[in-house]
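Please open the model in a viewer and keep the selection panel at hand.

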2 protein chains.
Amino acid sequence: MTKLSYPPKRVLMGPGPSDVHPRVLQAMARPTVGHLDPYFVDLMDDIKRLLKLSFMTENDLTFPVSAPGSAGMETCFANLIEKGDKVVVMQNGVFGGRMKENVTRMGGECILHETPWGEAINPDDLEKVLNDNKDTKIVAFVHAETSTGALSDVKTLTQIAHKHNCLVIVDAVTSLGGSELKVDEWQIDAIYSGSQKCLSCTPGISPVSFNNRAIDKIKSRKTPCQSWFLDLNLVMGYWGENSKRSYHHTAPVNALYGLHESLIMLEEEGLKNSWQRHLDMHHELIQGLESIGLKAIVKESDRIPQLNAVAFDSNIDEAKVRKTLLNTYDLEIGAGLGPLTGKIWRIGLMGTSATLSNVNHCIHSLKKVLP
Amino acid sequence: MTKLSYPPKRVLMGPGPSDVHPRVLQAMARPTVGHLDPYFVDLMDDIKRLLKLSFMTENDLTFPVSAPGSAGMETCFANLIEKGDKVVVMQNGVFGGRMKENVTRMGGECILHETPWGEAINPDDLEKVLNDNKDTKIVAFVHAETSTGALSDVKTLTQIAHKHNCLVIVDAVTSLGGSELKVDEWQIDAIYSGSQKCLSCTPGISPVSFNNRAIDKIKSRKTPCQSWFLDLNLVMGYWGENSKRSYHHTAPVNALYGLHESLIMLEEEGLKNSWQRHLDMHHELIQGLESIGLKAIVKESDRIPQLNAVAFDSNIDEAKVRKTLLNTYDLEIGAGLGPLTGKIWRIGLMGTSATLSNVNHCIHSLKKVLP
């Protein structure tokens, strides 16, 4: 055993991964079975059941993509966009920019609307963009922008998109399990998330869900999906309802043991209780941060409870603070991204990380480290 | 804890995943750290060092793709092919067919040469195809065809491709760690493998390696890679040599703990000792199978030691035999794929599965179950 066999035990309060509960870690170490083993097929069914509960959907095509959230994003864009499709991306941070990259790489025409970083997307802006672009087929936006801490109103944005006969693709990487999210009630057509945020599983898996409108578009494609690995017409043979579970690729068996356990824990807690816990801890954290002179950059009504973007005095060496927090307090908080680099910290309260003990550890460590 | 919390302890002698050593399973359960944590950056460096040893290469761009082997395949094709490129695929089983799918989805022109299933690729055939297609840019083929058990001569095929100024893409999913494979000596340009075969890690990760000729082609692309998630020009910022380890996507931290441990075990055993062990166990297995009337379908000189395709009497209900082996003996062997469905079994001896105890268990269980 080398020193590399002993990772430090950190408190993970960055933008993800979040703390992973020992139950989930132990699940990862269960004996590997074949990806077509009858036991594993039962486990797949239960993962689908639990993901449906978490997304609040009855969508048959709800399953975990065998790769991180970026691949879940690409699954949505690669399957729903055909060459020449006009796609409106409402960007308000890094991940909206990544959506634009996806659209153009799929051969779509991207209409990008930019909202200042740190603000929620304004539904009136979407209405205007769609009025100006009558032939738009898809609208895409991020529910909880992990790069800025701003939460957008998915329900209203989806209603507007549907009024204009567009499908919506929603990024719920940071929201699933942590914020109110109702896929069926809000009529979201395609959505993707990540395992390493409010589900508190290890990183590497991306839960997705597609309703029948989305599936109709996928099944009626004139050209094949440009990714073989992510082609839902093929993946459905393994993960689809009543499918033969026929071989497509080898599923990441042990990572799915972990995901299953994390979803069981979410079921035990109750989805709405989990949302409430994230909100309660968020209030505790903000109160504590304000008491030491740090301020959230997002206005109160638009804040993501589980991802708090905070500004600090311009004379602070922010990288040094994060380094000390990590080395002395085993505490990870996140840096800013893009135009917010060097200007904010991102303090996560996701899943198992959203506890009073973590909030207190964070506030008191910061207090000691700040000049 | 439900019954789903207790997977059965199988003996995995199918086409993969293979048995995972308890050391690797326990590594999966180590505490999760952030994907930019200094500890994790050190671990990434050591994974790269160990992958280079396993591939026998000095290639800087040697790293694990954060998704299963199919995504490793797609990483090679999506980055090396530009629209209109002529690509020769030498198919001799399922995975060559998947290569063709990749080529056409990337906008390449695929020249497919088909070899009968169960045979190695004939170098003379490649010479002829390239003489007939002077403007070919890439040649792709499978080293160890997991669907048939045939091993092809990568060294000779690569020499021929290079003589015709083509780059080669090699599928080493089943060969890495189990069969002689020398990336630098054989001058392989791009290669991908899987974690769940002879490395005996859990499924979900795909080691890849690219030499400078391949990197030159990638860096001089006229159009961006059509996948954002797999775009090596971006991934290099996280995994590249002397890179800033800048954020691209969230790496599957715990899966990489497992891969690291499995690679440490391969280093401890010694790569050549591992090749020899696979060969020794293969001889034991074939002798045992022949003693109970089962015959390898591949001629002796072309057999993959770690994947044995065997034929049985046509009156045998093969699915029933496999089901009994699984339910009564906790032993998984693989079915045939494609045209070999119902005609062969595929018996794996990969990584930790390649032991005398497994060979004996397999032979004696089959002996009891066969009519």
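Begin by selecting B:Ala120 together with the residues it touches: beyond its neighbours within four places in sequence, B:Ala120 is in contact with B:Asn92, B:Thr115, B:Ala150, B:Leu151, B:Ser152 and B:Asp302, where contact means heavy atoms within 4.5 Å. This is a predicted model, in which local features need pLDDT of at least 70 and side-chain atom pairs count only at pLDDT 80 or more, while totals for chains, interfaces and linings use all residues. Residues are numbered from 1 along each chain as its sequence is written, chains are lettered from A and ligands numbered from 1 in the order in which they are written, and side-chain values use heavy atoms, with hydrogens and water left out.

Is B:Ala120 buried or exposed? Its relative accessibility is 14%, so B:Ala120 counts as buried; the classes are buried under 20% relative accessible area, exposed over 50% and partly exposed in between, with a 1.4 Å probe and protein chains only. Next, draw a C-alpha to C-alpha distance from B:Ala120 to B:Val33: it spans 44 Å, for a separation of 87 residues in sequence.

Proceed to B:Pro17, in the loop between strand 1 (11-13) and helix 1 (22-28) of chain B. The peptide bond joining B:Gly16 and B:Pro17 is cis, with omega about 5°. Then select A:Pro17, which sits in the loop between strand 1 (11-13) and helix 1 (22-28) of chain A. The bond from A:Gly16 to A:Pro17 is likewise cis, and its omega is near 5°.

Which phi does A:Met56 adopt? Although A:Met56 is not a glycine, its phi is positive, at about 55°. Look for A:Met56 in the loop between helix 2 (38-55) and strand 2 (61-65) of chain A; with 28% relative accessibility, it counts as partly exposed. A:Ser200, also not a glycine, has a positive phi near 55°. A:Ser200 belongs to the loop between strand 9 (190-192) and strand 10 (206-210) of chain A, and it counts as buried because its relative accessibility is 3%.

Now show chain A as a whole, with its 12 helices and 14 strands. Its C-alpha atoms fill a box of roughly 60 × 55 × 35 Å along the principal axes. Colour by accessibility: buried residues account for 67% of the 371 residues in chain A. Of the contacts in chain A between residues at least 6 apart in sequence, 72% join residues at least 24 apart.

Finally, display both chains. The contact takes 67 residues from chain A and 67 residues from chain B. Select A:Leu4, A:Arg105 and A:Trp228, which supply 15% of the area that chain A buries against chain B, more than any other three residues. Buried area is the accessible area (1.4 Å probe) that two parts lose on being put together, summed over both. Between them, chain A and chain B bury about 5,500 Å², with 62% of it on carbon and sulfur atoms.

Definitions and conventions:
Helix = DSSP H or I, 4+ residues; strand = E, 2+ residues; numbered from the N terminus.
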